Amino acid sequence: MKRLVVLFMLVIAAVPVRAETPTILVFGDSISAGYGLANAEQGWVGLLRAKLKDLGYGYQVINASVSGETTAGGLARLPRALALHHPQLVVIELGGNDGLRALPIDQMRANLSKMVDLSVGAGARVLLLGMRIPPNYGPELTEQFRLAFADVAHAKSVSLVPFLLADVALAPNLMQSDGIHPNEFGQPKLLANVWQELKPLLRK
C-alpha cells in the first residue's frame, strides 16, 4: 500500500504545472490611474487590458498607479509590488509630479534608474514612459527634465516612449479642464503612444 501511495505521489509530481498568467505591471501616477475619468477602465491602462485580450495576448495587467505619486514614492513601493506580482514586464510612468513640484532632476533620474534596476533584477523587461513639464518652468529646466528619461533609458538599455502625452497635451479637446490630465477622448492616443514601444516587448 505504501508503495502505491509513493508511486501516486511521484506521478502527480511529474505532471507539468500550468504556468502562471504573465503579468504587466503599470507603475505610474494619476495619468495612468485614470484621474478624473468616470470609469478607470476608460483610461489607457484599461484600454490596454482590452486590447491585449482582443489580440489574444495572455497577459494580465496590474495597474499599481497612485495619483500624486513621485519617483521617490514609487521607488519605495516597487519592491513589494515586484514580490507580489512577479511581472514579466514593468511599465514605469513616473516623474511628472517631480517636475510639477520642481524636485531635483538628478534625484528623479536616480530614482528612475533604481526602479529600472529593481525591475530588471526581478526578471522583468522595462518600458519607461517619458513626460514633459510646462514651458513656464524655463527652457533650461524643461530640457533637462525631458532628457532625464532618455538618459535613463539609454544608460539602462530599456525601451522608451519619449513623451506619453504626445499629440494630446496641446489639444484642448483631449484634455480635462485642469490642462494636466487627458480626458476620455485622449486615452486612446495615450495607448497608441505606448503600444508602439510595448508591442515588441510582448510574447504570445
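This is a predicted model: local features need pLDDT of at least 70, side-chain atom pairs count only at pLDDT 80 or more; totals for chains, interfaces and linings use all residues.

Q: What do their side chains do?
A: The side chains of Arg146 and Glu143 meet in a salt bridge, at 2.5 Å from N to O.

Q: How accessible are Arg146 and Glu143?
A: Arg146 counts as partly exposed because its relative accessibility is 30%. Glu143 has 34% and also counts as partly exposed. The limits for that class are 20% and 50%.

Q: How many salt bridges does the structure hold?
A: It holds 7 salt bridges. One of them joins Asp167 and Lys189, at 3.6 Å from N to O.

Q: Which parts of the chain does the pair of Asp167 and Lys189 tie together?
A: Asp167 is in the loop between β5 (159–161) and α8, while Lys189 is in helix α8, so the pair ties together parts that are 22 residues apart in sequence. Asp167 is exposed, with a relative accessible area of 62%. Lys189 counts as partly exposed, at 28%.

Q: Which residues do salt bridges with shared partners join into one network?
A: Asp106, Arg109 and Asp151 are joined that way. Asp106 and Arg109 both lie in helix α6 (residues 105–121), 3 residues apart.

Q: Is Asp106 exposed or buried?
A: Asp106 counts as exposed, because its relative accessibility is 59%.

Q: OK, what about Asp98: what is the nearest side chain of opposite charge?
A: That is Arg101, 7.1 Å away. Asp98 is buried yet has no salt bridge. The cut-off for a salt bridge is 4 Å between a side-chain nitrogen of Lys or Arg and a carboxyl oxygen of Asp or Glu.

Q: Where is Asp98, and what does its side chain pair with?
A: Asp98 is in helix α5 (residues 96–100). Its side chain and that of Thr71 are joined by a polar contact of 2.8 Å. Leaving aside neighbours within four places in sequence, Asp98 is in contact with Thr70, Thr71, Leu103 and Met108.

Q: Switching topic. How many aromatic pairs does a search of the whole structure find?
A: The search finds 2 aromatic pairs. Tyr57 and Trp195 form an edge-to-face pair, with 6.2 Å from centre to centre and 75 degrees between the planes.

Q: Where do Tyr57 and Trp195 lie?
A: Tyr57 is in the loop between α3 (44–54) and β2, and Trp195 is in helix α8 (residues 187–198). The pair links distant parts of the chain, 138 residues apart. Both Tyr57 and Trp195 are buried.

Q: And why does the pair of Phe145 and Phe149 count as edge-to-face?
A: The planes of the Phe145 and Phe149 rings are at 75 degrees, so the pair is edge-to-face, and the ring centres are 5.3 Å apart. The two residues are 4 apart in helix α7 (residues 139–156), so about one helical turn separates them. Both Phe145 and Phe149 are buried.

Q: What sits over the ring of Trp195?
A: The charged end of Lys51 does, 4.9 Å from the ring centre.

Q: Next one: Ser65. Buried or exposed?
A: Ser65 is buried, because its relative accessible area is 14%. This residue lies in the loop between β2 (60–63) and α4 (71–85).

Q: What does the side chain of Ser65 make a polar contact with?
A: It makes one with the side chain of Asn63, at 2.7 Å. A polar atom of the Ser65 side chain also lies 3.0 Å from the backbone nitrogen of Gly28. Not counting residues up to four places away in sequence, the residues that Ser65 touches include Val26, Phe27 and Asp29.

Methods
Residues are numbered from 1 along each chain as its sequence is written. Side-chain values use heavy atoms; hydrogens and water are left out. Buried means under 20% relative accessible area, exposed over 50%, partly exposed in between (1.4 Å probe, protein chains only). A polar contact is a pair of N or O atoms within 3.5 Å; within protein, one must be able to donate a hydrogen and the other to accept it, and residues adjacent in sequence count only if both atoms are side-chain atoms. Contact means heavy atoms within 4.5 Å. Rings of Phe, Tyr and Trp (its six-membered ring) pair if their centres lie within 6.5 Å; planes under 30 degrees apart count as stacked, over 60 as edge-to-face and the rest as tilted. A charge sits over a ring if NZ of Lys or CZ of Arg is within 6 Å of the ring centre and within 35 degrees of the ring normal. Lys and Arg count as positive and Asp and Glu as negative; His and the chain ends are not counted.
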